[in-house]
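Subject: Structure handover

Hello,

Please find the structure below.

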Amino acid sequence: MPETHGAPARRDERSQPSRSRDASGRDAPLYGALDLGTNNCRLLIARPAREGFRVVDSFSRIVRLGEGLSRTGFLDPRAMDRAYDALALCAERIMRKGVESGRLAAVATQACRAAENGAEFVERVRKGTGLRLRIIDPAEEARLAVEGCLNLIDAKAEAVLIIDVGGGSTEMSWLKRDGADWTTTAWMSAPLGVVTLAERHPEPADAGEAWYEAMVADMGAAIAAGGVSDPAMLELFRQDRAHLVGTSGAITSLAGIHLNLPRYNRDRVDGLWMTRGDCEAAAERLKALGPEGRAKEACIGPDRADLVLAGAAILEAVQRAWPSNRVRVADRGLREGLLLQRMREDRKPKRRRRRRGRARGQA
């Protein structure tokens with residue numbers, strides 16, 4: 001068992017059926033990226049392509065691994081069982097597709113980082129499925145999310161804030177244009193995601209604006225506690241010379257509501273521009289629907305019905321702290337960053353070892 005840069009119009013060419021080939025004309029090798037988060041377990045299997053990669057297979061399941069973690073400090077046995085079952089399915093897909101262990105990157109994030117028994121669960125997964133999950137720190141998580149979203153940045157923007165809203169934490173990365181490249185000037189990890197925020201603020205039967213505003217204020221306090229202060233960067237946002245990029249199921253769900261999609265459509269959501277007013281209107285519609293109405297929405301469903309407004313509150317708090325009229329929605333992030341990183345590493349020329357021979361003149 002084994003342990004995108006391109007035009008946004010075509011995204012990372014996930015929908016394209018043609019096969020990528022290497023210089024010799026053979027099929028390019030398969031790579032895999034597995035992300036076990038606080039709320040989701042996600043897998044991508046892809047081949048390198050001229051501009052990024054082409055997806056061969058994908059898998060996503062809501063597992064709520066971090067359910068109750070904020071109260072107990074431990075992963076719940078039922079949550080671990082849900083995650084384990086999803087990981088076992090991922091392992092079967094990886095083996096069936098023939099992804100070599102050296103081309104698979106498998107990581108775990110906030111839930112396994114924070115839980116007292118996180119490492120124990122990772123070991124259980126290794127023994128039972130053969131998958132070797134690596135628990136990454138918030139800095140690497142933020143960097144990988146940036147890597148996966150770079151080609152969604154407006155070419156005319158001078159700065160950007162990339163927000164990766166997870167189940168247990170939210171990573172924020174500020175980037176500034178440096179010629180043709182982008183330089184990360186600051187980053188932070190707020191210890192609030194959709195699961196943790198929703199658990200801290202359970203939705204009451206008579207949920208009103210005060211309940212929602214309490215979530216926004218909680219996230220706003222976490223942003224302030226992060227200590228990122230850059231008046232010059234803030235001015236770029238105020239002057240609409242910068243924008244946000246939002247990556248998460250919560251933000252893509254908001255986009256689906258905004259578009260009135262009868263069912264989720266990645267090609268319409270990934271790369272979508274939303275104004276701040278669009279985001280607020282989608283959040284208002286979600287509030288009006290109530291839990292049962294949200295559960296019936298195709299872009300949300302029962303598994304996200306109690307979490308999507310926490311995601312909207314997190315985005316609202318970011319928009320208040322770093323005002324920008326534009327948000328680009330990203331149905332991509334950490335997994336794509338993992339794939340691009342591993343493919344780039346394999347493209348690096350290998351150093352040739354010098355052969356050790358006899359010294360000149362020796363018999």
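This is a predicted model: local features need pLDDT of at least 70, side-chain atom pairs count only at pLDDT 80 or more; totals for chains, interfaces and linings use all residues.

Residues are numbered from 1 along each chain as its sequence is written, and side-chain values use heavy atoms, with hydrogens and water left out.

Taking a salt bridge as a side-chain nitrogen of Lys or Arg within 4 Å of a carboxyl oxygen of Asp or Glu, the count is 27.

One of them pairs Glu 67 with Arg 82 at 3.0 Å, N to O. Glu 67 sits in the loop between β3 (52–62) and α1 (69–72) and Arg 82 in helix α2 (residues 77–97), so the pair ties together parts 15 residues apart in sequence. Helices (H or I, at least four residues) and strands (E, at least two) are DSSP runs, numbered from the N terminus.

Another joins Glu 147 and Arg 344, with the closest N and O atoms 2.9 Å apart. Because Glu 147 lies in helix α5 (residues 138–149) and Arg 344 in helix α13, this pair links parts 197 residues apart in sequence. Glu 147 is buried at 14% relative accessible area, whereas Arg 344 is partly exposed at 34%. Buried means under 20%, exposed over 50% and partly exposed in between (1.4 Å probe, protein chains only).

Arg 335, in helix α13 (residues 334–347), is buried yet has no salt bridge.

Regards

Terms used:
Lys and Arg count as positive and Asp and Glu as negative; His and the chain ends are not counted.
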